[in-house]
Amino acid sequence: MERSTTRRCGGGKLVKVTVRAQGRTIEDIRITGDFFTHPEGTIEALEGKLVGMGRGQIGGAVRGVLGGGNLVIGFNADELILMIEECLR
Amino acid sequence: MEALRFINDGPTDPYLNMARDEAIAIAVGRGQSIPTLRLYGWRPTAVSIGYFQELEEEVDLGFCAAHRIAVVRRITGGGAVYHGTGELTYSFAAPEFDGAVPRDVQYSYAVICAPLVSALKRLGTDARFRPVNDIEVGGRKVSGNAQTRRFGAVLQHGTILLNLDCSLLPSLRVKKAKLEAKGVGSVAERVTTLEDVLGRRVEVPRLSLLLAQEFGAAFGCPLVDGPLTAEEERLVPALRDRYSSEGWLRRR
């Protein structure tokens, strides 16, 4: 089942999260929008890491990637975690 | 910065525009080319979307096809932009670590946008940089900018709106939520043009000259005219193929 949510995050940037889940486990996830990351590969790395994860693991994965020396302009870890969890509800 | 190469390309094919920007960034990052300011336009007109944007979410592909508007995905993040005939685009490429461009990304936007702001002020506007990546006059956006750091280089490109054909704005699916965030109900309220602000037309050659002068002043170095090098020209065809491929456009 695929679910998505869109939110206006800090700085006016729009973020859309689309999750395809099998039960409460992420099968596929896309994070799209008009934000910036440095390096750009941060988002694909995070998406790859989140596949196979359930609710309890999302926070650690997101904070680990976004906090690990990568820069995100337009949203923060808390906002993204909430959006992913919303898609898994 | 010892010198800044200046390339004044004029209206150019959208996929070639993106390929040339990337080829320059690669060569600058390798130390094969000096820092470069390139000015260009878009022929045919085009919509460019940011690296992370979902194509179908941002662009009315049917409208673009019907009006022969090209659609291209950038390597920089940021939003969807309509590149019409009333717009001048710049790209600026410099080595990432040689000190001319700050390491702090958000501060570097301000530094690279500063000569744009100066040029717009010389035209008689009260232009201001608005973090993260906009230049505004009277609270309305006249310039958007997007930066990537790859290949050992900083590549920032952006647009300045001289005038705007509003009939072609439906090419973009502008999000109500984004407009509401800025406290406006339509793109026309959020965006302004130099023509609107000044009550007169500003022509591309005049703005181009001011930009070249202000970039030279901001970075404290002379501008040198120079075409793409042989190495850069060799990179361009494959890059152009990628930018014009369905796979690249539809990657998100």
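Me: In which loop of chain A is the place of Pro39(A)?
Reply: This is a predicted model, in which local features need pLDDT of at least 70, side-chain atom pairs count only at pLDDT 80 or more, and totals for chains, interfaces and linings use all residues. Residues are numbered from 1 along each chain as its sequence is written, chains are lettered from A and ligands numbered from 1 in the order in which they are written, and side-chain values use heavy atoms, with hydrogens and water left out. A cis peptide bond, with omega about 0°, joins His38(A) and Pro39(A). Helices (H or I, at least four residues) and strands (E, at least two) are DSSP runs, numbered from the N terminus, and on that numbering Pro39(A) sits in the loop between strand 4 and helix 1 of chain A.

Me: Which loop of chain B holds Pro44(B)?
Reply: Chain B also has a cis peptide bond, from Arg43(B) to Pro44(B), with omega near 5°. Pro44(B) is found in the loop between strand 2 and strand 3 (46-49) of chain B.

Me: What is the phi of Arg68(B)?
Reply: Arg68(B) belongs to the loop between helix 3 (61-66) and strand 4 (70-73) of chain B. Arg68(B) is a residue other than glycine, yet its phi is positive, near 55°.

Me: What is the strand order of the open sheet of 3 strands in chain A?
Reply: Two strands pair if DSSP finds at least two bridges between them. Strand 2 and strand 3 of chain A run antiparallel and are joined by 8 bridges, with Val19(A) opposite Ile29(A) in strand 3. The pairing in this open sheet of chain A is antiparallel, and the order is 1-2-3.

Me: Why is one side of strand 1 and of strand 3 of chain A left without a neighbour in the sheet?
Reply: The sheet of chain A is open, with 3 strands. Strand 1 (2-8) and strand 3 stand at its edges, so one side of each lacks a neighbour, and the reason is that each has a single partner strand.

Me: Which helix of chain A packs on the sheet?
Reply: The helix touches strand 1, strand 2 and strand 3 of chain A (contact means heavy atoms within 4.5 Å). Its direction makes about 150° with that of strand 1; axes are lines fitted to C-alpha atoms, for helices over the stretch in contact, and angles run from 0 to 180 degrees between N-to-C directions. This is helix 3 (residues 77-87) of chain A.

Me: Which residue forms a salt bridge with Arg7(A)?
Reply: A salt bridge is a side-chain nitrogen of Lys or Arg within 4 Å of a carboxyl oxygen of Asp or Glu. The pair links strand 1 and helix 3 of chain A, 79 residues apart. The closest N and O atoms are 3.2 Å apart, and the partner of Arg7(A) is Glu86(A).

Me: In what order do the 8 strands of the open sheet of chain B stand?
Reply: At one end, strand 7 (residues 127-130) and strand 8 (residues 134-137) of chain B pair in the antiparallel sense over 4 bridges, forming a hairpin with 3 residues between them. Strand 1 (residues 4-12) and strand 11 of chain B pair in the parallel sense over 3 bridges. Strand 7 and strand 11 (223-225) are at the edges, each with a single partner strand. The pairing is mixed, and the order is 7-8-9-10-6-2-1-11.

Me: How many salt bridges does the rule find across the interface of chain A and chain B?
Reply: Over all chains the count comes to 24 salt bridges. Across the interface of chain A and chain B the number is 6.

Me: Which strand of chain A gives the most to the side that touches chain B?
Reply: The contact takes 21 residues from chain A and 27 residues from chain B. On the chain A side, strand 2 (14-22), strand 3 (25-33), strand 4 (36-38), helix 1 (41-50) and strand 5 (71-73) each supply at least two residues. With 4 residues, the one that gives the most is strand 3 of chain A.
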